[in-house]
Amino acid sequence: LQITNYEKNSLDLIIFIGGAVFVIPFLFSDATIDPVLSIKFLAWTVLTILIVLIFFIQSTKLRYSYDFTVIYRAIFPIAIGYVLVSGLSLIRAINLADGVFEWLKLSLSFIFLYVAGLILVRNKAGLLIITRSVIVTAFILGFIGICQYFQVAFSGIPGNHTIYATMANPNLFASALFLMLPFIFFGVLQFSGGWHKLSLITLTVVFFAVAVAESRAVWGAILISSVATILPVLLRHQKLKLTQNEKKSYLRRLLLILVIFLISFSAAVGSHSTENNHLCLFLNKSQPARLKNSDPPQVTLQTFTTLRGRWRYWQKSLQMIKAAPILGIGLGQWKIVFPVYDQKMRASRDGRSEMRVQRPHNDFFWVCSETGVLGLLGYLLFWGFVIFYSLRIICNAVDIQKKLFTILMLFGIIG
C-alpha cells in the first residue's frame, strides 16, 4: 500500500491517529488520585465525540461518505448485546456509581471500535499509517521507561515503580508495549529502508523495557502468542503461497527478531543482576533498593503476590459466580465484593499494609463474576468472531501483506 494525498488530507484519520496514538498514551496528571487512567479516559471520550461530529459534518458530502452498514456485521450486534447485559447486571450493584462508570467505559470502547472501523474502511492506507505511528510511539514510550530505569531522566512523571513511562505502573506499561508489538513485528518483517531500521531499534528498546519491567504476565503472553501463531504458520506455510525468495526473506527476519529478543532479555538480566549483585533477585521479582521512600511497604502476605494468591482470587470468583450465576454481582463490583468472600483479605487490614485487590487477574472469571453467564457468553462470542474473521482473512486474502498483518493481530489478541 502507498499513502496517497487522500489519506494525508483525511481529517478524521489525522485526528483519530493523532489522538489515539500520539496524545492519549502520553497523558498524565498529578491532580488526580490515579495519575493516568482518569485523564486518558477523559481524552479518549473527547476524541470519540470529536470524530463523531466530524462524521456528521463530512457524511453530508458525497465524497466523504462512510459505510455505516459495517454495524450489521456479526461482531457489532454481539458487542451491543454484551453492553446491554452488562447494563442489566447493575441491578445487583452495591456501588452503582462505580458500576455506571465501568459501563460507560465499556460502551465507549465499542463506540470507538465502530468509529475506527468506519475510518479504516474509508482510508485504505490507514493501517499503514497507524503501523508507522505505533512504531514511533512505542519507541518513545520504551525510551522514557529505560531512562527511568537507569535514573537518567523522566523521574518526575508520577508512578509507583522504577520503570513505568507514562503508565504509572510497570504491568500497564509492559502490557501497552505488548499490544504495540504486532505493529513493530510488521515493520521488521515488511518494511524496508529507514522504517525497517527504526522498527529494529524500536523492537530492541521494547524487548528490553518489557524484560526489566518484570511483568511475568506479559512474558507469558509473548511465549503463548508466539507458539500459537508462529508454529501453525511454519507448519502450513504452503497455504500462504509465498515465493522462494519471500520465504527466505521472512525466515531471516524472523530469526533476527529471535536474536534481538535473546540479546535484549540477556542485557536486561545482566543490567538488573549487576545492580542487585545476584541474578536470582531478578528472576524472583524482588524490588530494587532504589524504589522511592514514599512508596508504600510491600505486603508481607506472600500469597497475595504469588500464584497461590491468584488461585485464591479465582476460587473466590467462583463463589461469586455461584451466588449470582445469571447476571453476576454487577459490573465494576468485583473489587468491592471480594473482601466479603476472603478472610485473609479482611485480616490484612492493619493500616498501610492493607491489600487492595482490583481484579482476579483472569478476564474470564472477572467477566463471569460481574456480568454472569450471559455476560461471559457475549464476551466469548465477541472474541470468537474476531478470531473467526481473522482466520477467514488469512485463508482467503490474496495480498500477502494483509495475511501477515492479520496473523500479527492474532498474536496480540491471543496474548
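## Overall picture

The protein chain holds 16 helices and zero strands; both are DSSP runs numbered from the N terminus, with helices (H or I) needing at least four residues and strands (E) at least two. Please keep in mind that this is a predicted model, in which local features need pLDDT of at least 70, side-chain atom pairs count only at pLDDT 80 or more, and totals for chains, interfaces and linings use all residues. Residues are numbered from 1 along each chain as its sequence is written, and side-chain values use heavy atoms, with hydrogens and water left out.

Of the 415 residues in the protein chain, 46% count as buried. Here buried means under 20% relative accessible area, exposed means over 50%, and partly exposed lies in between (1.4 Å probe, protein chains only). The accessible surface of the chain comes to about 21,800 Å², and 68% of that surface belongs to carbon and sulfur atoms; such areas come from the Shrake-Rupley method with a 1.4 Å probe, and for residues only the protein chains shown count as cover. Among contacts with a separation of 6 or more, 71% join residues 24 or more positions apart, a contact being heavy atoms within 4.5 Å.

## Helices α6 and α8

Let us turn to a pair of helices. α6 (residues 126-149) packs against α8 (residues 193-213) at an angle of about 40 degrees, and their axes are 8 Å apart. Axes are lines fitted to C-alpha atoms, for helices over the stretch in contact, and angles run from 0 to 180 degrees between N-to-C directions. The two helices are therefore oblique to each other; angles under 35 degrees count as roughly parallel, over 145 as roughly antiparallel, 65 to 115 as roughly perpendicular and the rest as oblique. On the α6 side the contact includes Ile135, Phe139 and Phe143, while α8 contributes residues including Trp195, Ser199 and Phe208. By class, this contact has 15 nonpolar, three polar and one charged residues. Ala, Val, Leu, Ile, Met, Phe, Trp, Tyr, Cys and Pro count as nonpolar, Asp, Glu, Lys and Arg as charged, and the others, Gly among them, as polar.

Ser199 is worth a look on your screen. This residue of α8 is buried, at 0% relative accessibility. Beyond its neighbours within four places in sequence, Ser199 touches Ile135, Ile184, Gly187, Val188 and Phe191.

## Helices α15 and α16

α15 (residues 363-396) and α16 (residues 400-414) pack at about 155 degrees, with axes 8 Å apart, and are therefore roughly antiparallel. Residues of α15 including Trp383, Ile387 and Leu391 meet residues of α16 including Lys402, Ile407 and Leu410. The contact of α15 with α16 has 10 nonpolar, three polar and two charged residues.

Gly384 also lies in α15 and counts as partly exposed, at 32% relative accessibility. Gly384 and Ile75 are 309 residues apart in sequence, with their C-alpha atoms 9.1 Å apart in space.

Ser317 sits in α12 (residues 307-323) and is buried, with a relative accessible area of 0%. Leaving aside neighbours within four places in sequence, Ser317 is in contact with Trp334, Pro360, Phe365 and Ser369.

Leu37 belongs to α3 (residues 37-58) and is partly exposed, at 36% relative accessibility. The C-alpha atom of Leu37 is separated by 8.9 Å from that of Leu27, 10 residues apart along the chain.
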